[in-house]
Amino acid sequence: MIMEIPIEIISDEKGYIDRECPHEECEFVFKVHIEDWKSKITEERVHCPRCGHTDLSDQWWTQQQIESMKEISMSWMKNQIQKSFDKSFKKMSHSSNKYIKIKYKPGKKITFENNPIGQQEKWELEIVCEKCGTRTSVIGTAFFCPCCGNNAIDRVFDESMNRIKEQLNSLNEMQEVLEEMFGKDTAKNMIQNMIETSLKEIISAFQKFAMECFNKGCTKKVRPNDFQIADKGSELFKKNYGLGYDEWLTSEEIDYLGVMFQRRHILEHNNGIVDDKYLRNSKDKAYNIGQRVVCKKDHVLRLLATITKLSEGISEVVRMK
Ligand SMILES: [Zn+2]
Ligand SMILES: [Zn+2]
């Protein structure tokens, strides 16, 4: 028997409903504007903003919504059972003969109320898809539009840069907390680790960003690694889009970028120890062979500012083409 129980889904104050990715390694919870969910999203295909998994539109209930629905259907069934119970007893009491007396007073009714399923408190970040206009809200980073699957590389890159900047700017507070938890030495190591990780993250986000931007208006095959060397990336844009990095950055800034790209490279592949190849590629005058590069917060913030400037230029030139 299939029963259809009407369940009303209401949105939060901003008009959004909660959704959850059905992919078992993801289970990312996000929000979609209820009007867009109804009018834009197709039954066949919804994209997870975090992992990109696609599934039918009825697969995106959150755990909380499933719980509420279970409760609603249980109380609905109880109500139905009670109703038929009442009916049959009434019939029996009418048909009682002189040997059997059945008296039945209907008990307290279990009433079924169509509980609206409430939503979680409104979230901060609201995203409007530049392609289809679907409105999404997430905590953290979203890569794909739930409706059309569009990956907004500009927005994702900006968000990563902002997140890294905030993280770097809160290092002092973080250090205090970590010192209390783990002691001075461990805290210092952890903070140092975070600074180096930020450097790596900025550069790998930029490489990905530069490659995707490049691919927007040019069919030439490129890889993220092509944007790991400042001169090479600049050359690629100059040849194919007419403008190179020197259009947006001073020569000092381009040199700084080159050094930081190389520092990231030895941090990743040589545990930060300066070698011959590093000195040749970076032209870094600050170190000799065998030393370990020092990665400071100010260095990374300066890199972040330079990369931000460069990425704005790249975005612009790709848009204009
Ligand atoms: Zn997912
Ligand atoms: Zn979209």
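Predicted model: local features only at pLDDT ≥ 70, side-chain atom pairs only at ≥ 80, totals over all residues.
**View 1. Four cysteines hold the zinc ion (ligand 1).**
The ion's donors are the SG atoms of Cys21, Cys26, Cys48 and Cys51, sitting at 2.3 to 2.4 Å. Look at the angles between those four donor atoms: they run from 104 to 112°, which makes the arrangement tetrahedral. For comparison, the ideal angle for four tetrahedral donors is 109.5 degrees. Reading along the chain, the donors of ligand 1 follow the pattern C-x4-C-x21-C-x2-C. Cys26 comes from the loop between β1 (16-20) and β2 (29-33), while Cys48 comes from the loop between β3 (46-47) and β4 (54-55), so this pair ties together parts that are 22 residues apart in sequence.

**View 2. Helix α7 packs against helix α9.**
Zoom in on α7 (residues 251-269) and α9 (residues 297-320): their axes are 10 Å apart and meet at an angle of about 120°. The two helices are therefore oblique to each other, and their crossing is left-handed. On the α7 side, the contact is made by Glu253, Tyr256, Leu257, Met260, Phe261 and Arg263. From α9 come His299, Arg302, Leu303, Thr306, Ile307, Lys309 and Leu310. Sort the contact residues by class and you get seven nonpolar, two polar and four charged.

Conventions. Residues numbered from 1 in each chain as written. Chains lettered and ligands numbered in written order. Heavy atoms only, no water. Axes fitted to C-alpha atoms, helices over the stretch in contact; angles between N-to-C directions. Helix = DSSP H or I, 4+ residues; strand = E, 2+ residues; numbered from the N terminus. Parallel < 35°, antiparallel > 145°, perpendicular 65-115°, else oblique. Left-handed = near helix turned anticlockwise from the far one by under 90°. Contact = heavy atoms within 4.5 Å. Nonpolar A, V, L, I, M, F, W, Y, C, P; charged D, E, K, R; others polar. Donors = N, O, S within 2.8 Å, 3.2 Å for Na, K, Ca; no water. Tetrahedral: all angles 85-135°; square planar, octahedral: opposite > 155°, others 65-115°.
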